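Subject: Handover of a structure

Dear colleague,

I am handing over to you the structure shown below. Please look through it before reading the notes that come after it.

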Amino acid sequence: MIAALATAAGPAGVSVVRISGQGALEVGDRLVPGLRCPPSQRAAGTFFHARVTHPVTGEAVDDAVILVYRAPHSYTGEDTLEIQGHGGALPSRRLLEAVLASGARLAEPGEFTRRAFLNGRMDLTQAEAVCDLIQSRTERAAHVARAQLDGALGGRVSALYESVTAVCADVEHLLDFDEGELPPFFTERAGERLAVCMAEMERLAASWNAGHLVRDGALVVLAGCPNAGKSSLLNALLGTRRAIVHDLPGTTRDVIEESVALCGVPVRLMDTAGLRDTQDGVEREGIERARAVMRQADLVVYVVDASVPHSETVAAACAALPSGCVMVAVTKCDLPAAGPVDLPPELASVRVSARTGEGLEALKRMLAEKLGVTEETYGHPIVSLRHVTELRTSIDQCREAHSVLIAGGQGLVLAAGHLRSAAEALGRMIGRVYTEDLLDAIFSRFCVGK
């Protein structure tokens with residue numbers, strides 16, 4: 001039997017302590033003694049007001065509303081009691097201490113959701129979505145987590161699991177047959193079924209980049225020569241004067257980071273020191289830091305000042321950047337141009353003015369396109385790193401089985417082994433197959449009250 005504070009500690013109107021497990025309702029009896037109808041005798045879905053007292057000292061702890069849930073119709077699938085008391089750090093702590101003194105133990109991180117999974121209330125992808133929903137920082141992230149919690153991903157993986165398992169069962173059923181006794185066209189049909197499964201797994205695996213960005217956010221770095229307009233562009237994208245803007249070259253000497261939402265994706269936007277040869281030790285350190293964050297970036301925006309002539313081509317400058325994903329922003333387009341800017345055709349580019357706002361919306365759209373986070377990206381389930389790892393394992397094993405089946409001969413035993421491994425990988429995604437270490441790794445990300 002476990003208990004935890006289900007609301008954030010600190011000043012609030014209400015704090016909620018949740019108790020779950022065999023004996024949870026009897027804990028309520030000890031907390032509110034003397035009632036004609038104690039919690040353990042009440043029907044599921046009922047609630048009542050009572051004074052909570054400490055079971056050892058008899059001291060009045062709080063006045064609370066108490067809700068009764070009975071198995072299996074609760075979040076965890078177990079008997080559950082929720083006590084809603086006054087908010088605040090001290091009242092909630094006193095309430096939890098009284099519950100623990102009544103026989104419950106403090107829950108571990110994610111233990112309520114872990115019990116919900118183990119009791120069949122949700123699959124493993126849905127359990128992960130609970131954490132994603134709590135930690136979501138944008139509307140898009142919350143929408144994706146909500147869809148996964150509703151089974152958008154788990155349903156598709158379950159169907160794949162059943163399909164691969166069915167092919168495996170058919171192959172194993174034929175292991176006692178001689179090669180000449182196999183049903184006609186069996187290997188061709190089995191191969192076709194596996195090809196369909198692999199194509200679906202490939203589609204799911206391809207959503208990994210969008211999943212990574214919507215959950216973890218994207219790192220976008222503004223780079224370029226001194227006075228190219230990087231700091232002005234940062235301020236324009238943020239809508240606030242975050243970075244110092246000055247005509248003196250080399251004003252920015254360290255990395256300036258701010259967060260902004262782009263197409264529902266949390267973006268870490270970084271302004272960096274201007275790239276040039278310099279004898280100034282402090283500025284050199286800033287340039288090294290700029291190059292370091294560019295190596296980690298999901299996208300580098302190379303900023304070019306259209307109002308001044310350039311000694312090197314934009315293509316050469318971008319080729320020297322320590323990043324594989326680069327686009328160009330031509331700034332200060334509200335000023336007279338110093339001449340045509342030599343833009344490489346293979347790089348996406350946009351003209352923009354931080355002063356007038358011209359081109360800002362086009363820049364945001366291009367950023368979204370380069371990151372792969374357009375609205376169409378989220379029309380289907382998206383996967384996490386754990387999911388894509390299991391999908392790749394399953395695809396590889398299905399491919400091996402497919403090759404063996406197509407080759408014919410005495411390969412049914414090998415094919416069956418590969419198919420079992422493929423099904424197990426899919427099973428680990430949704431929790432049909434799991435280990436305690438896997439559950440520990442997943443639920444350790446949760447807060448204690450969930």
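The notes below describe what was found, beginning with the chain as a whole.

This is a predicted model, in which local features need pLDDT of at least 70 and side-chain atom pairs count only at pLDDT 80 or more, while totals for chains, interfaces and linings use all residues. Residues are numbered from 1 along each chain as its sequence is written, and side-chain values use heavy atoms, with hydrogens and water left out.

The chain as a whole

The chain has 15 helices and 12 strands. Helices (H or I, at least four residues) and strands (E, at least two) are DSSP runs, numbered from the N terminus. The C-alpha trace spans about 85 × 80 × 35 Å along its principal axes. The radius of gyration of the chain is 29 Å, whereas a compact globule of 450 residues would have one near 22 Å; the value is taken over C-alpha atoms, and the globule rule is 2.2 Å times the number of residues to the power 0.38. Of the 450 residues, 48% are buried. Here buried means under 20% relative accessible area, exposed over 50%, and partly exposed in between, with a 1.4 Å probe and protein chains only. Among contacts (heavy atoms within 4.5 Å) with a separation of 6 or more, 66% join residues 24 or more positions apart.

The sheet that contains β1 to β6

An open sheet of 6 strands runs in the order β3-β4-β5-β2-β1-β6, with mixed pairing. Its edge strands are β3 (47-53) and β6 (105-106), each of which pairs on one side only. Two strands count as paired if DSSP finds at least two bridges between them. Strand β1 (residues 2-5) is joined to β6 by 2 bridges, and these strands run parallel; A3 stands opposite L106 in β6. Helix α2 (residues 89-101) packs on this sheet, touching β1, β2 (14-20), β3, β4 (60-69), β5 and β6, and its direction makes about 175 degrees with that of β1. Such angles run from 0 to 180 degrees between N-to-C directions, with axes as lines fitted to C-alpha atoms, for helices over the stretch in contact. Helix α3 (residues 111-118) lies across β1, β2 and β6 at about 135 degrees to β1.

Within this sheet, β5 is mostly covered, with 5 of its 7 residues buried. It pairs with β2 in the antiparallel sense over 7 bridges, and I19 stands opposite L81 in β5. β5 is also joined to β4 by 5 bridges, again antiparallel; the bridge partner of V65 is Q84 in β5.

Two residues of this sheet

H86 lies in strand β5 (residues 80-86). H86 counts as partly exposed because its relative accessibility is 45%. Its side chain makes a polar contact with the side chain of D62 (2.7 Å). A polar contact is a pair of N or O atoms within 3.5 Å; within protein, one must be able to donate a hydrogen and the other to accept it, and residues adjacent in sequence count only if both atoms are side-chain atoms. H86 and A12 are 74 residues apart in sequence and 7.7 Å apart in space, C-alpha to C-alpha.

S20 has its place in strand β2. With a relative accessible area of 0%, S20 is buried. Its side chain makes a polar contact with that of E78 (2.7 Å). Beyond its neighbours within four places in sequence, the contacts of S20 include M1, I2, F112 and R115.

The other sheet

A further 6 strands form an open sheet in the order β8-β9-β7-β10-β11-β12, also with mixed pairing. β8 (256-262) and β12 (349-351) each have a single partner strand, so one side of each is left without a neighbour in the sheet. β8 pairs with strand β9 (residues 265-271) in the antiparallel sense over 7 bridges, and E257 has M270 in β9 as its bridge partner. Helix α10 (residues 281-296) packs on this sheet, touching β7 (218-224), β9 and β10 (299-305).

The nonpolar cores

A nonpolar core is a set of buried Ala, Val, Leu, Ile, Met, Phe, Trp, Tyr and Cys residues joined through side-chain atoms within 4.5 Å. The largest has 34 residues. Elements giving two or more residues to this core are α6 (152-173), α7 (186-205), α13 (385-407) and α14 (412-430), and the largest share, 9 residues, comes from α14. Apart from it lies another core of 27 residues, among them L262, V301, V303 and M366.

With kind regards
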